[in-house]
Every structure is written in structure tokens, then in C-alpha cells.
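Me: I have a structure open and want a quick walk through it. Can we go feature by feature?

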Amino acid sequence: MTETEIINGILQREGSEYTNRAADRGGPTKHGVTLKTLSAYRGQPCSAADVMALTEPEAREIYRKLYIVDPGYTLINDPCVRAFTVDSAVQHGEKNATKFLQRAAHVFPDGQLGPVTAEAVNRVSPQALFVNAFCERLTFYGGLISGDDEAQRAKEAGFVKLQAFNAKGWANRMGELLKGMLPK
């Protein structure tokens, strides 16, 4: 799976419409890119109008730079694991996505993809790694909804408002990802 294919999948799952729902902690969003992400990418404060005007080509570059290149996900050899990790980073941030991967590869989860994590990730069976990372992400979703310890950490990081409202969409996304990784 190429970078373009990974980004195509993300854009398909995220949709291209501008949204600003109260139940979405990301606030103003278009092509899945939030106001905070756009501001980080551009290196300056942006407005809801800037998000509304976001073009698909710029969204693609944001995904490539911030969610593939900068976190080091190009070091992940297996394309399915890489695609899953990139998608996890888009929804949960790079640190959480990398921690899912690290726990799946039995590496200390510090949220940084360095040489130790890359070696461990590329040494483990891609199928086992994918399944374990998938389970880590499902557990994270459960914590967001149920209010357990993981949810408390998520709450401290700002993941709170009406998260159960998003559960159906999260489950659909995980189902799509799993189906996409199965042999055709």
C-alpha cells in the first residue's frame, strides 16, 4: 500500500465536508483535518474559515507530512500495519498510535517510533502485529466510552465531550480497516 493509497483511504473514511459538531472534540474539520492540525501544519493560528477553505491537495500533504513522514511511519515495513498506524494517528494522535504499535510489538510504550521500535515492529509477524495493534485501539475506544483508567488519561488529554455519540462511526471505521487488510 503506497502513501497515496493510505491517504486515499483516510480521505474516504473522513469525508470531504466541512463539519463543526459539538460532539466532535476536533471542532472545525474538513477532509478530516481539524483547526488545530491545520494551524500546526501552517505554523500559525488558523480560523474556521481557513478550515472551510482547505483544499484536498493541501489535506493530502498534511496527512503525508504530519501522519506518515514526521512520526517516522515510513520505517514500518508492512504496508497494512503502516496504513493502520497512520489511520490511528489521524484519529488519536501520533503518540497514542505509536503506543498501540509499541504495545503490540512488546516494546516500552513511550510514543516515539525510534530504531528500537522500528526493529521490533519489523521483526514481529505483520499479521500478529496488526491484530495486537487493532486490539490496543479497540481497548482505547472502549476506555473513551466507558470511563475507565484509559478514559481518564484521554479526558486529561482533552478527549471527553459526548464520546459515546461517536461509537458507531468508530466501529464502522474499524470494520472498514479490518476488511481492507484481509486478502482479496
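**Aromatic pairs, cysteines and a glutamine**

Reply: Let's start in helix H4, residues 56-69, where Tyr63 and Tyr67 both lie. They sit four residues apart, about one turn of the helix. Keep in mind that this is a predicted model.

Me: How many aromatic pairs are there?
Reply: The count comes to five aromatic pairs. Tyr63 and Tyr67 form one that is tilted. The ring centres are 5.8 Å apart, with 45° between the planes.

Me: Why does that pair count as tilted?
Reply: Stacked needs planes under 30 degrees apart, and edge-to-face needs over 60. The angle for Tyr63 and Tyr67 is 45°, so the pair falls in the remaining class, tilted.

Me: Tyr63: buried or exposed?
Reply: Tyr63 is buried, at 1% relative accessibility.

Me: And Tyr67, buried or exposed?
Reply: Tyr67 has 8% relative accessibility, so it counts as buried too. The cut-off for buried is under 20%.

Me: Which residues form a ring cluster?
Reply: Phe84, Phe130 and Phe134 do, linked by ring pairs.

Me: Switching to cysteines. How many disulfides?
Reply: Zero disulfides are counted.

Me: What about Cys46, buried or exposed?
Reply: Cys46 is buried, with 13% relative accessibility. Cys135 is partly exposed, with a relative accessible area of 40%.

Me: Next, Gln102. Where does it lie?
Reply: Gln102 is in helix H6, which covers residues 94-104. Its relative accessibility is 0%, so Gln102 counts as buried.

Me: What does the side chain of Gln102 make a polar contact with?
Reply: The side chain of Asp110, at 2.8 Å. The Gln102 side chain also reaches the backbone oxygen of Gln112, at 2.9 Å.

Me: Which residues does Gln102 touch?
Reply: Leaving out residues up to four places away in sequence, Gln102 touches Val107, Phe108, Pro109, Asp110, Gly111, Gln112 and Thr117.

Me: Zooming out. How many helices and strands are in the protein?
Reply: The protein has 10 helices and two strands. From the N terminus, the order is α-β-β-α-α-α-α-α-α-α-α-α.

Me: What percentage of the residues count as buried?
Reply: 42% of the 184 residues.

Me: And what does the accessible surface come to?
Reply: About 9,600 Å² for the protein. Carbon and sulfur atoms account for 55% of that surface.

Me: Last one, on contacts between residues at least 6 apart in sequence. What percentage join residues at least 24 apart?
Reply: For the protein, 55% of those contacts do.

How values were computed:
Residues are numbered from 1 along each chain as its sequence is written. This is a predicted model: local features need pLDDT of at least 70, side-chain atom pairs count only at pLDDT 80 or more; totals for chains, interfaces and linings use all residues. Side-chain values use heavy atoms; hydrogens and water are left out. Rings of Phe, Tyr and Trp (its six-membered ring) pair if their centres lie within 6.5 Å; planes under 30 degrees apart count as stacked, over 60 as edge-to-face and the rest as tilted. Buried means under 20% relative accessible area, exposed over 50%, partly exposed in between (1.4 Å probe, protein chains only). A disulfide is a pair of cysteine sulfur atoms within 2.5 Å. A polar contact is a pair of N or O atoms within 3.5 Å; within protein, one must be able to donate a hydrogen and the other to accept it, and residues adjacent in sequence count only if both atoms are side-chain atoms. Contact means heavy atoms within 4.5 Å. Accessible areas come from the Shrake-Rupley method with a 1.4 Å probe; for residues, only the protein chains shown count as cover.
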